[in-house]
Structures are given as C-alpha cells and as structure tokens.
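I opened the structure and kept notes as I went. Each entry is one thing I looked up.

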Amino acid sequence: MVRTRFAPSPTGYLHIGGLRTALYNYLYARKHGGKFLLRIEDTDQKRYVEGATQHIIDMINWAGLDFDEGPGKEGDVGPYIQSERTALYQKHAYELLEKGHAYRCFCTAERLDEMRNTQVAQKKAPMYDRHCLYLSEEEIQKKLAEGAPFVIRQKVPSGDVVKFKDLIRGNVSFSGKTIDDQVLLKSDEFPTYHLANVVDDHYMNISHVIRGEEWLPSTPKHILLYQAFGWTPPEFAHIPLLLNKDRSKLSKRQGDVSVEDYINKGYTREALLNFIAFLGWHPGGAQENELFSLEELINNFSMEKVHKAGAIFDIEKLDWINWQWNRRNYHEYLTKKAKEIDANVNIEELKKGAFSYNFNDTNNAAAFFEIRTNKLIEMCEENLPAEMKSNKEKLRKILISVEEKILRDSKEIKSQIDFYFEDKPYEKDLLTHEKMNVDLEVAKNSLLAIREKFESLDDFNSEEKIKNALMEVVEKLGYKNGQVLWPLRAALTGEQFSPGAFEVAWALGKEPSLGRINKALIELEKA
RNA sequence: GGUCCCAUCGUCUAGUGGUUAGGACAUCAGGUUUUCAUCCUGGAAACAGGGGUUCAAUUCCCCUUGGGACUACCA
C-alpha cells in the first residue's frame with residue numbers, strides 16, 4: 001500500500017517548492033491507489049507562527065490536493081501535528097539511549113560554537129567532537145543531579161558506510177565518519193526534525209518519502225535511525241530543487257515564493273499545478289502537448305520520469321500556461337452554457353483556442369452575451385475601479401472588445417480600457433498613418449464622411465450595422481479600409497494601440513462617438 | 001574547507017550506441033488584420049571540455065571544469 005505524506009513546517013507561508021513536493025506526493029499516491037497524508041512539523045517552538053497551519057491547509061485545498069489523512073481529517077495513525085506527539089518522540093529518544101544508539105550531551109552553546117570555529121579555522125569539517133560520548137557514568141549522574149540541561153545525540157557508527165537506493169538518483173552512499181552525531185532531542189524535550197520525521201514516517205506507515213533534494217545529505221542519518229530502531233526504512237525519492245534565475249535555491253530574496261503570492265497575482269490552480277509539475281518532470285515519449293489537468297497528471301505521472309537536475313522557475317512560461325488555461329476554462333464554460341441555451345448552437349473554432357458562438361435566435365444570442373460578459377466582469381472585477389463598473393451595459397461592450405487581453409492578463413485590464421472613460425487630449429498626428437496613406441487631408445475627409453453617416457444611423461446598437469455603415473463610407477470615398485478606419489479608431493480612442501474601430505464605436509455609443517469625432521475634426525481645423 | 005548531488009538551445013525539456021538532435025516559452029523575420037494583440041509561416045539558437053570503451057558516441061566509463069545542496073538544540 002502506497003502511503004505518501006507532505007510534511008511542511010508552519011512558518012507562515014507555503015513555499016511554491018513545497019507545493020510541488022506536495023503535488024508529487026499527491027500524484028504518486030493517487031497514481032498507485034494509495035493514500036496521501038498531511039503532517040505538520042511544528043517542533044521548533046521558536047519558529048511557530050500563529051495561524052500558519054490553517055494557512056497551509058487552505059493552500060493545499062486551493063490547489064485541490066485533497067489529503068486522505070491529516071489535521072482535521074483524522075485517520076488511524078494521528079494526531080498529525082507533531083507538537084501533539086512529543087511524548088512518543090521522547091520515549092523513542094530514551095529507547096535509543098538505552099540501546100546505546102544515542103547519548104546525552106551536556107555541551108553548552110558556547111562550547112559548541114568555539115569548537116566549530118576552531119574546526120573551520122583549521123579547515124576541518126565542522127562536526128560534534130563527541131566530547132560527551134566519553135563522559136563516565138559518574139560524571140553523567142553528577143550533571144543530572146545538578147540539573148544540567150542536556151540534549152540526546154545520535155551515536156553514528158563511524159566505521160560504517162551507509163548506502164541506500166534513491167528512486168530518482170539511484171545508489172547513494174555516505175561514509176559513517178562524515179556523518180555528524182545529530183541532536184535528536186533538544187534540551188526543551190522537543191525532537192529535532194530527524195527524530196520526529198523518522199518516528200512519524202514509521203508509525204504512519206509511510207511507504208515513500210518524496211521530498212526536496214536538500215534532504216539528501218541527511219538521509220543517511222535517517223537510515224541509521226531506522227536501523228537503530230530495528231525498522232524497515234521507506235523508499236526515498238529526492239526531487240530536484242526549484243531554482244532562481246542564478247540557479248540558487250528558489251528564495252524569497254529573488255521574487256515571490258509563496259503560493260499565496262501567485263494566487264493573488266491571479267494565476268489559476270490548473271496553470272500553477274501544470275507549470276510546477278513540469279519543472280522537474282515530463283511524461284516523455286512523443287508527448288508534445290504540455291497542457292495537463294490534475295487528472296492527466298495523475299494518469300501520466302511516474303517517478304522514473306522525474307529529473308535529477310534543478311529547474312529554474314521561469315515566470316514567462318507560467319504566464320503563457322496561465323493564459324492557455326484561462327482560455328480553455330473560459331471556452332469550456334461558454335460552450336456548456338451555450339448548449340444549455342440552445343442545444344443546436346453553432347460553435348466554431350475561429351482560430352486556435354478562440355471560438356465563436358452563433359445562435360439563430362436573437363434572444364438566445366442576447367442571453368448568451370450576458371453570460372459571456374458576466375464571466376469577463378467576474379474575471380477582472382477586482383482590477384476595475386468603481387466608476388468603470390457603474391454602467392454595466394456599457395462595461396459589457398467594453399470588456400468583450402478586449403476579451404483576449406483579459407484572458408491573457410486580467411491584471412492590466414484597467415490601462416487597456418481607460419480610453420473608453422476619458423477624452424484624452426492627443427496630437428493630431430495620431431490621426432495620420434504614413435504606411436496606410438493617411439495624411440491630414442485623408443483623415444479629415446474620412447471623419448467628415450463618417451460623421452455624416454453616423455448622424456443618420458439610427459441603430460447604433462449593432463456592431464454589424466456600424467460596420468456596414470463604415471464600409472459604405474469606404475466605398476463612397478473610394479479609399480482603402482485603413483484610410484477610413486485608422487483615423488476613426490484614432491479619433492475614438494486617442495491611443496496608438498486599441499481595439500478596432502467597429503467595436504469601439506459600438507461600445508462607446510452614438511453620441512460619445514460623434515463627440516470624439518467632432519473633437520478630432522476641430523484639431524484638424526487647426527492645421 | 002568537507003560530504004553529497006547534478007550537467008541537451010537564453011529557459012523548461014524530448015531523445016538515441018548510427019537522428020537533418022525534436023517540441024514549448026522567450027526572441028527575430030514575414031504574412032493576415034483598420035493599429036496593438038490574436039492567428040499563420042519561417043529563422044536563429046544546445047549535446048561544458050578532455051580522455052577512454054566501440055566500427056561508431058550527445059548517449060556507457062573515468063577525469064577536469066562548472067553549478068547546486070548540505071554542513072544548527074531550523075525544517
């Protein structure tokens with residue numbers, strides 16, 4: 001029975017690398033029909049942060065990595081919070097002491113510091129010098145009677161070579177003499193990671209320890225502990241690290257590392273999971289699709305395909321994946337809704353990833369338009385000031401004109417649609433375009449003709465009709481499309497770049513459009 | 001310093017004892033479009049170096065170089 005666990009420390013936030021570790025544990029468990037547990041490793045009293053445990057659970061839940069056992073979801077081997085299991089660790093530390101696999105150490109922090117400084121100065125590996133291992137029984141009893149504080153240290157058999165097989169790295173071995181006598185039980189009677197981890201993994205029947213590569217050097221200590229207890233060690237899989245741009249371990253100093261940061265930036269769960277899954281893993285073979293849902297990840301995951309080398313966390317690719325997922329989620333939602341409205345709706349993929357929905361009935365089309373734009377509003381609601389949201393019907397038209405941009409990055413939406421809400425002053429040169437053969441004269445002629453046309457256009461509520469009207473202007477003047485549409489778009493938006501002339505005129509409405517055209521014409525008169 | 005791990009385009013990666021070393025992101029060029037974006041087409045871009053083993057190594061082995069992790073009464 002496969003049982004994996006994610007065992008974070010509640011230090012205030014969940015690291016994105018931690019989320020990936022959780023994901024791999026989850027994928028492996030689900031793939032093999034096993035169980036995935038969450039265990040909170042809060043044995044460091046000094047680092048405890050109020051609310052951090054709940055925060056971790058919230059983040060794991062957000063990601064949809066439902067755990068089978070853990071805090072608030074008790075199984076047979078709880079509790080799942082280490083601070084509630086201290087008696088168990090103490091019992092086992094003393095058991096080791098009795099069996100001769102550990103010893104009391106009374107060394108003060110000062111002595112330890114001094115010892116290390118000397119070792120470093122002599123260019124030796126800093127390691128505990130076993131001063132207390134050689135204390136006589138009398139000396140120990142005397143210290144205990146005095147009430148001297150002590151820790152319990154692991155007694156590493158220095159002659160041994162510790163070997164183990166890592167599922168990702170293959171055979172790994174460490175010489176016993178390079179392994180430090182690790183503190184197992186601190187003077188406050190709390191265990192260190194090493195003891196608590198081994199004891200819990202054993203009693204929680206963990207079959208596979210899947211954790212970050214930074215734990216590889218302490219694995220021999222853990223193996224030795226399993227041996228000292230007479231337990232069978234679990235399988236180990238040390239996954240590659242997530243890296244900063246400079247290839248150092250991904251850290252706070254060089255950008256956002258907490259999952260919450262990415263949620264706040266608007267990344268969707270599918271995108272974030274998809275992205276981090278592929279940092280250090282690939283299904284292999286001829287697989288060229290890179291968009292995988294959680295379910296597809298489960299089906300395709302295998303430890304053999306996990307890489308050995310670390311991977312740089314490249315946010316640009318994340319942005320791209322996020323956009324792809326936004327598109328997919330959006331159109332899946334719309335397709336479902338469109339079919340609910342009319343089972344015979346005609347849905348076409350206009351271009352890769354973008355669809356059109358055509359209804360025969362105009363009422364259905366209107367109902368669908370509302371659903372579609374509600375979704376867009378929902379997507380960028382948080383990034384819009386109240387005044388932009390006051391006229392909802394206008395906002396719908398505006399947002400549909402920048403639909404793809406919202407899908408790509410809803411955070412920047414405000415700057416994309418600013419021009420709809422204010423008549424910004426602009427240079428009349430904006431109305432001209434050399435490559436399209438639009439000079440001041442052409443611009444003026446076009447705008448005059450458009451004004452006349454618009455004034456006589458009764459139904460300004462149909463983008464299609466506005467388009468037809470404008471094409472008539474093009475034909476009448478004998479101009480190319482761009483010679484009419486560029487000055488119009490520029491006049492309406494005052495921007496170098498914007499949505500097209502038809503949809504802007506439509507979203508703006510008849511009077512505001514005419515107002516802006518007149519303003520442009522006044523500019524041109526000055527010339 | 002010591003121990004251990006790692007090494008294919010800028011980045012994420014596929015891949016094999018014999019391949020024109022493939023894809024994606026990013027980038028550049030061209031095209032469609034009323035501008036931007038989208039979309040389409042195309043380009044540039046990698047097996048760290050040196051020794052072996054072999055008829056043949058990017059692939060297997062060794063060394064070098066480079067990078068990283070660990071080196072706490074933190075996890």
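Which residue in β4 is the bridge partner of Tyr-103? I found Arg-153. A reminder to myself: this is a predicted model.

**Entry: the sheet around β4**

β3 and β4 (residues 151-154) are joined by four bridges and run antiparallel. The sheet is open and has three strands, in the order β3-β4-β7, with antiparallel pairing. I then asked which strands stand at the edges. They are β3 (102-105) and β7 (183-185). Each has a single partner strand, so one side of each lacks a neighbour in the sheet. Neighbouring strands here are turned by 45° against each other on average, direction ignored.

**Entry: β8 and β9**

I looked up a second pairing. Strand β8 (residues 208-212) pairs with strand β9 (residues 235-239) in the parallel sense, over five bridges. Ile-210 has Ala-237 as its bridge partner in β9. Is β8 enclosed or open? Four of its five residues are buried, so β8 is largely enclosed by the rest of the structure.

**Entry: the surface near RNA strand B**

How many residues surround RNA strand B? I noted 68, the closest being Ser-9, Glu-41, Gly-284, Ala-309 and Gly-500. Several elements give two or more residues to this surface, among them α4 (109-121), β6 (170-175), α11 (315-341) and α20 (501-508). The largest share, five residues, comes from α19. By class I have 26 nonpolar, 19 polar and 23 charged residues.

**Entry: α19**

That share sent me to α19 itself. I checked the length. At 1.5 Å a residue, its 13 residues should span 18 Å, and the end C-alpha atoms are 18 Å apart, which agrees. Next I checked burial. Eleven of the 13 residues are buried, so α19 is largely enclosed by the rest of the structure. The buried ones include Trp-486, Pro-487, Leu-488 and Arg-489. What covers them? The cover includes α16 (413-421), α17 (440-455), α18 (463-477), α20 and α21 (510-525). After α19 comes Gly-494, with a positive phi near 70°.

**Entry: positive phi in one loop**

Lys-123 has a phi of about 60°. Arg-130 has a phi of about 65°. Lys-123 sits in the loop between α4 and α5 (137-146). Arg-130 is in the loop between α4 and α5 as well. Are they exposed or buried? Lys-123 counts as exposed because it has 6 C-beta neighbours inside 10 Å; the cut-off for exposed is 12 or fewer. Arg-130 has 14 such neighbours inside 10 Å, so it counts as partly exposed.

**Entry: a cis peptide bond**

Last, I looked up the peptide bond from Gly-78 to Pro-79. It is cis, with omega near 0°. Pro-79 lies in the loop between α2 (52-63) and α3 (86-99).

Definitions and conventions:
Residues are numbered from 1 along each chain as its sequence is written. Chains are lettered from A and ligands numbered from 1 in the order in which they are written. This is a predicted model: local features need pLDDT of at least 70, side-chain atom pairs count only at pLDDT 80 or more; totals for chains, interfaces and linings use all residues. A residue is near a molecule or strand if its C-beta atom, placed from the backbone, lies within 6 Å of it. Ala, Val, Leu, Ile, Met, Phe, Trp, Tyr, Cys and Pro count as nonpolar, Asp, Glu, Lys and Arg as charged, and the others, Gly among them, as polar. A residue is buried if 20 or more other C-beta atoms lie within 10 Å of its own, exposed if 12 or fewer, and partly exposed in between; C-beta atoms are placed from the backbone. The expected span of a helix is 1.5 Å times one less than its number of residues. Two residues are in contact if their C-beta atoms, placed from the backbone, lie within 7 Å. Two strands pair if DSSP finds at least two bridges between them. Axes are lines fitted to C-alpha atoms, for helices over the stretch in contact, and angles run from 0 to 180 degrees between N-to-C directions.
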